[in-house]
Amino acid sequence: MKNRMSEDGRKVALVTGGGRRIGAAISAALARSGYDVVPTYRSARLEAENLAAELGGEAVRLDLSRPSTFARFADRLKRRHGRLDLLVHNAAVFPRTPLPAVTPAEWDAVFAVNLRGPVLLTRALLPLMLDAAKGAAVCFVGDAGAGNLWPAYLPYCLSKIALEAFAAGLAAAVPPAIRVGVVRPGLVLPPPGFPKERWERLRRGSGRGIRTPNGVARAILQFARGEGTIFSNQSP
Ligand SMILES: NC(=O)c1ccc[n+]([C@@H]2O[C@H](COP(=O)([O-])OP(=O)(O)OC[C@H]3O[C@@H](n4cnc5c(N)ncnc54)[C@H](OP(=O)(O)O)[C@@H]3O)[C@@H](O)[C@H]2O)c1
C-alpha cells in the first residue's frame, strides 16, 4: 500500500497469501476493481512485494501459525490504512500427509494455518471491520473437494470442512453489517512438483468447483459486491 490512510474513500482489502498463485489473481482482480489491496506473504516475499508494487501498494508479512503476532498486525493495518472492508482468507497449506504415517506435529501444523489462523485473525481484525462505515465482508477460500476426505490429505480436508463450519457460525454471530462468504475452488493449480498427467486425469474426473485462478478471483469479487455467497447473514 501507499503507506497512508485510505482517506480518499478507497476500500481496503487484505488477502492472506495474496502474493502468488490463486492469491495473486485475487489481489490483482480486487485492485482492478478499485480496492487498495494488502497481500500478505509468509515466505514468498519477493513475489508478494513485486505484485504489491505493480498494484501500487505494499505487501506485509504474516505467519498464520503465529497468532501471538495478530494483535500487532491488526494495529499496523489500522495505523496504515485506517479501515478494512474486505478480508480474504486465501492462505493455506496442502502437505501430503498419508494417514498411516502422519505425525501429530504434521496434523497440528495443518490445522494451525488452515483453521486456527483464519479464526483468530478474523477475531483480531473484526473491530477494524466493524468500524467500516458501509459494512465489511469476510470471505473464506474453501475447497470443493474437501468432502472427499482424500486419505493422503485428511488433515487438509478436515481443516477446510471445519473452516466452512466456522464461516457459517460467524455469519450467524456477527452484525448484519459484516457479510460472510465462502468460495469453493475445485482443482485449479497443481501443487508444485505434482505430476502433470496425473493432474490432468484428476481434473477430467472432477467437475466440481471453480477451476481457474481468475474464476476464483471473480467469485470473490462478486461476493464483495454483495452478489452470490454460500453463507451470508444478509439477503443477496
Ligand atoms: N490450488 C488448487 O487447485 C486449490 C483447489 C482448491 C482449493 N484451493 C484453496 O485455494 C487457496 C489458494 O490455493 P493455492 O494453491 O494458490 O495455495 P498455495 O500456493 O499452496 O498457498 C497459498 C498461500 O498460503 C501462504 N501460506 C502458507 N503457509 C502460511 C502461513 N503459515 N502463514 C501465512 N501464509 C501462509 C503461502 O504464502 P508464502 O508463499 O508466502 O509462504 C501462499 O502464498 C488455498 O486456500 C487452497 O486451499 C486451492
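Modeller: Let's take isoleucine 26, which sits in helix 1 (helices, H or I, of at least four residues and strands, E, of at least two are DSSP runs, numbered from the N terminus). Before going further: this is a predicted model, where local features need pLDDT of at least 70 and side-chain atom pairs count only at pLDDT 80 or more, while totals for chains, interfaces and linings use all residues. Residues are numbered from 1 along each chain as its sequence is written.

Isoleucine 26 counts as buried because it has 30 C-beta neighbours inside 10 Å; the cut-off for buried is 20 or more other C-beta atoms within 10 Å, with 12 or fewer for exposed and partly exposed in between, the C-beta atoms being placed from the backbone. Leaving out residues up to four places away in sequence, isoleucine 26 touches Val15, Gly18, Val88, Asn90, Val216, Ala217 and Ile220, where contact means C-beta atoms, placed from the backbone, within 7 Å. One of those partners, isoleucine 220, in turn touches Ile26, Val88, Cys139 and Val183, again not counting residues up to four places away. Proline 39 is 13 residues along the chain from isoleucine 26, and their C-alpha atoms are separated by 9.4 Å.

Now the helix itself. Ten of the twelve residues of helix 1 are buried, among them Ile22, Ala25, Ala29 and Leu30. The cover over the buried residues includes strand 1 (12–15), strand 2 (36–41), helix 2 (45–54), strand 4 (86–89) and helix 7 (213–224). As for length, at 1.5 Å a residue helix 1 should span 16 Å, and its end C-alpha atoms are 17 Å apart, which agrees; the expected span is 1.5 Å times one less than the number of residues. After helix 1 comes glycine 34, with a positive phi near 105°.

Of the 27 residues around the ligand, Gly17, Arg21, Ala91, Ala92 and Val188 come nearest, with a C-beta atom, placed from the backbone, within 6 Å as the cut-off.

Terms used. Contact = placed C-beta atoms within 7 Å.
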